[in-house]
Amino acid sequence: MRVLGIESSCDETGVAIYDTRAGLLGQALFSQIAMHAEYGGVVPELASRDHVRRLLPLVRQVMSEADTGPEKLDGVAYTAGPGLAGALLVGAGVGRALAYGWNLPAVPVHHMEGHLLAPQLEADAPAFPFVALLVSGGHTLLLDARGLGDYVPLGESVDDAAGEAFDKVAKMMGLGYPGGPRVAKLAETGTPGRFRFPRPMTDRPGLDMSFSGLKTFTLNTINDLGGPAALSDQDRADVARAFEEAAVDTLVIKCRRAIQASGHQRLVVAGGVSANRRLREKLDADMKKRGVRVYYPGLQYCTDNGAMIAYAGALRLQAGEHSDLPISVRPRWPLVELEALG
Ligand code: KG4
Ligand code: ZN
């Protein structure tokens with residue numbers, strides 16, 4: 001089974017070809033970060049227009065790299081949601097049109113399922129069942145993943161996603177967009193223990209999370225220091241450190257509870273924030289004590305990419321997924337609405 005995958009839900013145009021026997025045959029990614037940076041965040045209309053410009057040239061490039069003509073493909077997968085409506089429509093329209101023209105099945109993929117499956121692209125792939133922590137810019141979810149499409153919700157953020165909180169804290173300190181990696185970098189030189197931030201919703205049972213209060217606490221700390229303009233480089237690093245430690249500790253505590261509640265021996269962590277080094281170190285250390293293996297995507301597959309969509313599409317096609325002709329996308333689409341396959 002060989003599938004062309006297209007990702008265009010937000011600010012990255014990703015294309016890849018995955019073969020269930022040979023693995024990943026080719027991939028390309030164009031990031032729009034530079035274009036959105038001057039606005040301090042993603043501008044949806046600019047994102048859609050840029051996907052239009054990039055997508056077909058990237059498809060040509062990847063097909064040539066993978067030495068794959070349409071006759072060697074078994075399907076075209078594309079992200080159908082959740083994400084920005086216009087951006088999704090570009091990938092869906094192009095994916096559907098290519099599939100139609102090449103007489104192949106088109107496979108709509110849920111973006112978060114793409115993230116969830118990304119660690120399986122690694123040599124040491126996690127088998128079902130496992131607990132999944134999905135931490136991206138738009139979602140923070142804990143799931144009991146029992147099989148392909150069979151995802152039972154355990155907990156989620158009741159307000160901001162973890163990545164969103166990283167991005168907003170970065171904005172408060174004038175670090176620019178996207179903020180996660182910049183906050184993480186700054187936190188490395190932060191003084192441990194200078195500030196102590198709360199670990200939200202950890203003082204009572206439950207697997208839901210909240211990151212909005214932590215964000216406000218960060219803003220108050222910055223204001224107590226005299227406001228963003230008054231911060232020294234060291235202040236900024238210390239605030240970043242305190243924020244990152246609080247966000248990471250909160251995620252680790254919730255993962256520990258989810259593992260206990262599910263009884264699973266495997267934890268999968270994926271989505272943009274899974275690239276965070278402190279999160280990986282803390283989770284590895286904590287889970288090791290419990291005999292639990294933690295699986296992450298390779299660093300290039302933590303954030304949005306086409307490979308995870310091609311992979312998810314190939315698994316779905318293999319499991320007998322079918323979809324009708326209309327081009328439809330779902331900007332809002334709860335992952336747990338998927339049904340078990342295979
Ligand atoms: O999965 P992703 O590429 O897009 C969504 O599906 O939302 O995740 C992007 C998010 C952004 O919020 C970004 O700031 C965050 O992941 N991120 C990080 C790191 N790298 C990316 N957050 C913390 N530490 C990082 N190293
Ligand atoms: Zn994503």
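**Close-up views of a ligand site and a sheet**

**View 1. Backbone atoms reach ligand 1.** Let's start where an oxygen atom of ligand 1 sits 3.1 Å from a polar backbone atom of Asp304. This is a predicted model, so treat each view as a prediction. Gly180 also takes part, with a backbone N or O atom 2.9 Å from an oxygen atom of the ligand. For Gly272, a backbone N or O atom lies 3.0 Å from a ligand oxygen atom. On its own, ligand 1 has 550 Å² of accessible area, and the protein covers 87% of it.

**View 2. The shell around ligand 1.** Look around the ligand and you will find 18 residues, with His115, Gly137, Asp167, Gly180 and Asn276 the closest. By type, the shell holds 5 nonpolar, 11 polar and 2 charged residues. Helices H4 (111-117), H5 (162-172) and H6 (179-187) each supply at least two of the shell residues. The largest share, 3 residues, comes from H5.

**View 3. An open sheet of 5 strands.** Follow the strands in the order E8-E7-E6-E9-E10; their pairing is mixed. E8 (150-156) and E10 (293-295) stand at the edges with a single partner strand each, so one side of each has no neighbour in the sheet. From one strand to the next, the twist averages 25°.

View 4. E6 (residues 130-135) and E7 (residues 140-147) pair in the antiparallel sense over 6 bridges.

Methods. Residues numbered from 1 in each chain as written. Chains lettered and ligands numbered in written order. Predicted model: local features only at pLDDT ≥ 70, side-chain atom pairs only at ≥ 80, totals over all residues. Heavy atoms only, no water. Pairing = 2+ DSSP bridges. Helix = DSSP H or I, 4+ residues; strand = E, 2+ residues; numbered from the N terminus. Axes fitted to C-alpha atoms, helices over the stretch in contact; angles between N-to-C directions. Near = heavy atom within 4 Å. Polar contact = N/O pair within 3.5 Å; in protein donor to acceptor, adjacent residues only side chain to side chain. Areas by Shrake-Rupley, 256 points an atom, 1.4 Å probe, with all protein chains shown as cover. Nonpolar A, V, L, I, M, F, W, Y, C, P; charged D, E, K, R; others polar.
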